[in-house]
2 protein chains.
Amino acid sequence: MFDLADRLARARNAVAEAGLDAVLVTPGADLRYLTGYDARPYERLTCLAVPAAGDPFLVVPRLEEPAALASPAGALDLPVVAWDETDDPYALVASRLPAGVARLGLDNQMWLEKAVAFRAALPRAEQCLAGDVLRALRIRKSPEEVEALRRAAAAIDRVHQRVGEWLRPGRTERAVGRDIADAILAEGHVRVDFVIVASGPNGASPHHEVSDRVIQAGEAVVVDIGGTTEEGYCSDSTRVYALGQPPDEFLRLYDVLQRAQRTQTAAVRPGITAEQLDAVGRDIIAEAGYGPNFVHRTGHGIGLETHEEPYIVAGSSRPLEPGMAFSVEPGIYLPGQFGARIEDIVVCTSDGGERLNRTTRELVVLDASP
Amino acid sequence: MFDLADRLARARNAVAEAGLDAVLVTPGADLRYLTGYDARPYERLTCLAVPAAGDPFLVVPRLEEPAALASPAGALDLPVVAWDETDDPYALVASRLPAGVARLGLDNQMWLEKAVAFRAALPRAEQCLAGDVLRALRIRKSPEEVEALRRAAAAIDRVHQRVGEWLRPGRTERAVGRDIADAILAEGHVRVDFVIVASGPNGASPHHEVSDRVIQAGEAVVVDIGGTTEEGYCSDSTRVYALGQPPDEFLRLYDVLQRAQRTQTAAVRPGITAEQLDAVGRDIIAEAGYGPNFVHRTGHGIGLETHEEPYIVAGSSRPLEPGMAFSVEPGIYLPGQFGARIEDIVVCTSDGGERLNRTTRELVVLDASP
């Protein structure tokens, strides 16, 4: 479905245009983007080499050769070169690169030990980060990628629509999280990336996951969940549930938050900068007196990774462009009391933004009987 | 249960003894080993700094401060320093390190972009890999860690004992894999690390995961599964199942393999080197004519990571020592036909080895009716 050959061709052009002689890519989203191969990041070297002049090739451990060939990479015009356990795979990569590589780009998430090994294998090459080169390819999603993100968003929406089946007073966050994780898989993902069930005061911890805390009637519960679909694209959506009637101050806070998030999602359009979009919500929250309680950026890009460029954060003057996909997820946190966050994935279109998550952004009040 | 303060104290000594001025550790097994904090490896910097002289400290993004404090790290005598979204966390780490850091160790799996950012923040510091320093702490498991590995092994053994509930002709590898993944969580893990269900010819792909292939009567199926327990320790065990009667050549192959694996697990003792232990099984397999079909090393260490030191591989003259824990998993693969692998986790003891996985190593013949 995705035109991997085109991606690889664009990568070669980008490598040359960036003045690099080659880029080396180890397992992760960049490798999957360019080859369709979803390799695990283990200690053995798996590496795609994309020279500016010359043909790309994929080096894999011998025992993973069948898996690499069975992946979409096996259908590309891409030599798959296997190394045996006692070979030096770094020397193997070096030996197949064009002679005289002087500027070598390495993927940003390469393990340092692998970069150090490449330094030994290619001592005359200056190493630099390939992030900007690869990011430029991935930051604007193609229509096919937006379609894949829509499917991922619909999958996580189906899970949110079922949260009432599991979220009840008397259950622990962990038990509810287990049910949600099962549903993430059942509703169209192949991997559970994270499950946050933050009840009562835990709602004030933005990256809380789950705990053995027993959820109480009258509490608000922040549910922030995401997974990866078989196509490799990620979902990520946060909704807040109340078990019966939460405190008045929580309702006031939630009202401010919902206004901020709605205003921000409506403000998405080409040309607005990341910091401007961040400020749209931050100003509303600050005016209501919760400025110090919105302790994180507004959002992050999403695609083959849950967190990728563009980041919607103060200090980033990057203008949004059609095809960029990112979360809009302001939050307000009152330590020791409660917190809330509302999160949608939004795609910038030619004349505005498209919200991919479509479940209600109102506080979802559930039955508080155990 | 684990004496984290002692681990951190030993790390400080090790840093000084290695002639380093400080070691920086980002999320991963090293961070969890030293602090108990199981942080996710995201783009925002989370970093434990362990100076040779001076006190360690943990730098975290503001939104993760509550999660860090709620982790075992919060109970240590360890300052947790939060940074805000527009701060430079690398400069923050640099500013808190003792003046004049000249030799800086970085954890081996640090993302290259973070190492590059530390180079900018500490331009006068020479960077090197901290792997050897940290590995020396982790490679011999304490009695408490061996106990945790025993619990992980028992958990995955319970899953293997239930495989017959799900593995039937007419089902896809993916459907069986989903049931196994559910059971990995139900039987005492908090994370599914990998699920390999390799049926028929897919058994010849050592790192096959699952596919939509429909499993047939008469086939052998390699099931290699593992997860992480709440304590953070990993399980990993491979067994082979047959749906009815597999081909005679498969039975011959399995017999050789089982003899090799039994001989290897019985050969574990202090002083035998990794390459000697590898050869014990490789020789048996080669004598039976399958030498070229055993395409990988014998095993890998296991602990807070599924793959860690010591690797049981040709070329490694490392002598085994009491407390080392590793897999013994020879395999024989006939491309296009079938394959098999038998895997136990073994701990080297003062006078031999202890097999942690206790399910039968015989071929498990299941009912072949659909």
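**Notebook: salt bridges, interface and a few local checks**

I began with Glu362(B) and Arg262(B), whose side chains meet in a salt bridge, 3.7 Å from N to O. Glu362(B) sits in the loop between strand 16 (352-355) and strand 17 (364-366) of chain B, and Arg262(B) sits in helix 9 (residues 248-267), so the pair ties together parts that are 100 residues apart in sequence. I noted that this is a predicted model.

Next I looked up how open this pair is. Glu362(B) is partly exposed, at 43% relative accessibility. Arg262(B) is also listed as partly exposed, with a relative accessible area of 35%.

**Entry: a second pair within chain B**

I turned to Glu305(B), which forms a salt bridge with Arg138(B). Their closest N and O atoms are 3.0 Å apart. Which parts of chain B does this pair tie together? Glu305(B) is in the loop between strand 10 and strand 11 (308-312), and Arg138(B) is in helix 6 (residues 131-138), so the link joins parts that are 167 residues apart in sequence.

Are these two side chains buried or exposed? Glu305(B) counts as buried, because its relative accessibility is 17% and the cut-off for buried is under 20%. Arg138(B) is buried as well, with a relative accessible area of 9%.

In chain A I looked up a network. Salt bridges link Asp30(A), Arg138(A), Lys141(A), Glu305(A) and Glu308(A) there. I wrote down the general point too: side chains of opposite charge can pair when their charged atoms come close.

**Entry: a pair between the chains**

Over all chains, I find 74 salt bridges in the structure. One pair crosses between chains, running from Arg297(B) to Glu43(A). Arg297(B) is in the loop between helix 10 (274-287) and strand 10 (299-301) of chain B. Glu43(A) is in the loop between helix 2 (29-35) and strand 2 (47-51) of chain A.

The side chains of Arg297(B) and Glu43(A) come to 2.5 Å, N to O. I then checked their accessibility. Arg297(B) is buried, at 6% relative accessibility. Glu43(A) is buried too, with a relative accessible area of 16%.

**Entry: the interface of chain B and chain A**

How many salt bridges does the rule find across the interface of chain B and chain A? It finds six. I also looked up polar contacts and got 22 residue pairs between chain B and chain A, both residues at pLDDT 80 or more.

Which elements of chain B supply the side that touches chain A? Helix 3 (65-70), helix 5 (112-121), helix 8 (173-186) and strand 7 (191-199) each give at least two residues. By type, the residues on that side of chain B are 20 nonpolar, seven polar and 17 charged.

Then the extent of the contact. Chain B contributes 44 residues and chain A contributes 44 residues. The area buried between the two chains is about 3,900 Å². Carbon and sulfur atoms give 56% of that area. On the chain B side, Leu63(B), Leu112(B) and His207(B) supply 16% of the area that chain B buries against chain A. That is more than any other three residues.

**Entry: how the copies are related**

The same surface serves both copies, since 100% of the contact residues of chain B recur in chain A.

**Entry: cis peptide bonds**

I checked the peptide bond between Glu309(A) and Pro310(A). It is cis, with omega about 0°. Pro310(A) is in strand 11 (residues 308-312) of chain A. The bond joining Glu309(B) and Pro310(B) is cis as well, with omega about 5°. Pro310(B) lies in strand 11 of chain B.

**Entry: Gly323(A)**

Where is Gly323(A)? I found Gly323(A) in the loop between strand 11 and strand 12 (325-328) of chain A. Gly323(A) counts as buried, at 10% relative accessibility. Leaving aside neighbours within four places in sequence, Gly323(A) is in contact with Ile139(A), Arg140(A), Lys141(A), Val347(A) and Cys348(A). Of these, Lys141(A) also belongs to the salt-bridge network in chain A.

Last, a distance. Gly323(A) and Ser211(A) are 112 residues apart along the chain. Their C-alpha atoms are separated by 37 Å.

Key: Residues are numbered from 1 along each chain as its sequence is written. Chains are lettered from A and ligands numbered from 1 in the order in which they are written. This is a predicted model: local features need pLDDT of at least 70, side-chain atom pairs count only at pLDDT 80 or more; totals for chains, interfaces and linings use all residues. Side-chain values use heavy atoms; hydrogens and water are left out. Contact means heavy atoms within 4.5 Å. Buried area is the accessible area (1.4 Å probe) that two parts lose on being put together, summed over both. A salt bridge is a side-chain nitrogen of Lys or Arg within 4 Å of a carboxyl oxygen of Asp or Glu. A polar contact is a pair of N or O atoms within 3.5 Å; within protein, one must be able to donate a hydrogen and the other to accept it, and residues adjacent in sequence count only if both atoms are side-chain atoms. Helices (H or I, at least four residues) and strands (E, at least two) are DSSP runs, numbered from the N terminus. Ala, Val, Leu, Ile, Met, Phe, Trp, Tyr, Cys and Pro count as nonpolar, Asp, Glu, Lys and Arg as charged, and the others, Gly among them, as polar. Buried means under 20% relative accessible area, exposed over 50%, partly exposed in between (1.4 Å probe, protein chains only).
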